[in-house]
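Please look through the sequence and the model first.

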Amino acid sequence: MGLYLLDYGAGNVQSLANSLTALGHSFQWIKDPADFAKATSLIFPGVGAFETAIGHLVSRGLFQPLREYILSGRPYFGICIGMQVLFESSAEATSKGLGIIPCPIERFSDEDKAVPHMGWNAADLITTQQDAEGVNASSYYYFVHSYCAKYNPEKYPEAMRWVHSTTQYGQEVFVSSVRKGNVFATQFHPEKSGKAGLALIDEWLRKPESAHTHAPSAPLVSRPPAPKHKLTKRIVACMDVRANDQGDLVVTKGDQYDVREKATTTTANTAGAVRNLGKPVALAAKYYNAGADELCLLNITSFRHSPLQDQPMLAVVRAAAECVFVPLTIGGGIKDTVDPDGTKRPALEVAGAYFRAGADKVSIGSEAVYAVEKLRASGKATSDGTGAIETIAHVYGKQAVVVSIDPRRVYVDPQTYDGPYKSELVYGKPDGPENERGKAWWYQCTVSGGRETRPLSVVELAQGVETLGAGEILVNSIDRDGTGLGFDLDLVNLIKKSVKIPVVASSGAGTAQHFVDVFQRTDVEAALAAGIFHREEVRISEVKELLRSADINVRDN
C-alpha cells in the first residue's frame, strides 16, 4: 500500500508518525507535488492555524495537488487541520479552503465556556455503531481547537451530508468527524487519544483501500444540545526535569521550589544532591499507562544558554513521544535567545524544534510576565505581534501555547488597604485555615521560578497573556507548592473568573480528595500534580475512581 503522510510544515506531525510506527504500519512523506501521484492512501494530520496551513500548502505548491488527489477518489484521512481545510473557508483566516465541503468553519462562542475547546470529549455517531469508520461512541477522544464546523442541517444540508459524528461543547453541537466517498476526517486527534485513538487509526489502515472509496452520504438528523456536554476533567502528570550533578537528566521535585535534598550527616558526598525521582521517559510511559490525560515535561535548568543545542532534552521529548499517545507539553526556555556563538534563536524556532520532536504544546513562564509588562507599559490594547506568545500562536494556533504562572501571596491590612489591587483581594474565611483567618491578600507575579517578584498582579498577568494569544493558563502557587494542603482554590477561582481560556490548577495536591475539591469548587478544566504521583502517595487510578464516585466526568484508560 502506498501510504503517504502530508506535512504542511507547521503542525506536529511526528505524533502521528510515531503512532503509525507503534502500530506496525510503514509510510512515506509527501516531499513534493509529484508524490501525490504515487500515493494510494493519504493522511493529512496537524495542529495549527487555518491561515498558516493554507499559506504553507500554497507556497509549497501542494494546495492544488492535494485537492486533485481528494477529487481523484483515492482514500484520504484528515486530522484536525486536515479536516478543516476540506471546508470552503474559516473565520480564522482570509484564505479559502479546499471547498470540498460547502460550509464555513466558525469560532466557538465563549459566552458559556472556555475557548479553545481542549480536552477529552465524546463523538456521537450520525449512523449506527455497526456502520462506523472506527469512531466508537463509547470512547473519548482528544480535541484541541478554537474553530469548528457547527452542525446545522437546516442551513447547510449539503455539507451536513458529510457528517459522520458530532460533539457537543457547551451548548454548541459541532462536526467532530466527516465521511463520504473516499474522505474520512476527524476534528479530534486520534494519535493523541490513547488506546481508543490508536484503535481507530489501526482499523482504518487495516481495511483494504477499496473499503475507503464509497462511503455513503449521511442522513440529516436533528441534534439539539443536551443539558450538559461530555467534556471530561483532565488529570495532568507533571515532571520537572533537570540535570543532576553528574549531568544526567532526572525528574525532580522541589520543596517550595528547592529541588536539592537536605544535608545529611551520614553521607557527605550526597548532601545537597538534586532530588532524583526517576528517569523522565520511563516516568512518562508509566503515567501514560496509568491513565494520565496529559503529560507535562518542564526543563527547569538546561535551557540557560542555547535551547536548540540542548540535545539531551530534545532526545527526551523524542523518546517520550514514541511511547506516549496523549498530549505532551514541554516547558522551559521557550523564548528569544542568543547562542554562545552569537546566533539569534527566536522563540518560534525553539518551539518549532520541540513540536517536531513530538511536543503538542509549549509552556512559557517568565517571558510571559515580561511580555505583559511590556504590553501594559505601551498603553496599547494589543501588542506588536513579535513576542513569543504571539508568534507561536500565529503559526501553531493559540491552543499550542500554555502560560505557566507562579504567583505569591502578599498580605495587607484588610481594614486599611486601599491600593491598586483592592478589587482582587482575597479574605481569609472564618472557618478556613487558622493562619488565614482575619487576613487579606492579593497575588503578586514572580519570575525565575519564584525567586524574583514583579510589579504585576496575577489577574493582570492572566488577562494580559489571554490578550497576547495564550490558549491555556497553568496556575501554580508558590505558597502551596509541596505542602500537600490542597490546591489554592481562592487563587484558582480568581484566575478562572478573569479569563475565557482553559485553566489548569497546580500546586498543593496531597490527596485524591483535593482533586474532587478543585473540580467541585472551581470551574477549572484540569488539575495537575507531580510529587504525590512520583512518590506514589496517590495514584492516578485512585484520583479518577474518587472523581467518578463524586459524579465528575473523567476518561477511562
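Is Phe533 buried or exposed? Phe533 counts as buried, at 3% relative accessibility (buried is under 20% relative accessible area, exposed over 50% and partly exposed in between, with a 1.4 Å probe and protein chains only). The model is predicted: local features need pLDDT of at least 70, side-chain atom pairs count only at pLDDT 80 or more, and totals for chains, interfaces and linings use all residues. Residues are numbered from 1 along each chain as its sequence is written, and side-chain values use heavy atoms, with hydrogens and water left out.

**Aromatic pairs**

- Rings of Phe, Tyr and Trp (its six-membered ring) pair if their centres lie within 6.5 Å; planes under 30 degrees apart count as stacked, over 60 as edge-to-face and the rest as tilted.
- The count by this rule is 17 aromatic pairs.
- Tyr287 and Phe533 form a tilted pair, because their ring centres are 6.3 Å apart and their planes are at 55°.
- Tyr287 belongs to helix H7 (residues 280-290) and Phe533 to helix H15 (residues 531-534), so this pair ties together parts 246 residues apart in sequence. Helices (H or I, at least four residues) are DSSP runs, numbered from the N terminus.
- Tyr287 is also buried, at 3% relative accessibility.
- Phe355 and Tyr396 form a tilted pair, with 4.3 Å from centre to centre and 45° between the planes.
- Phe355 is buried at 2% relative accessible area, and Tyr396 is buried at 7%.

**Aromatic cluster**

- One aromatic cluster is formed by Phe108, Tyr141, Phe143, Tyr169, Phe174 and Phe188.

**Charges over rings**

- The charged end of Arg555 sits over the ring of Trp120, 3.9 Å from its centre (NZ of Lys or CZ of Arg is within 6 Å of the ring centre and within 35 degrees of the ring normal).
- Over the ring of Tyr411 sits the charged end of Lys439, 5.4 Å from the ring centre.

Note on methods. Helix = DSSP H or I, 4+ residues; strand = E, 2+ residues; numbered from the N terminus.
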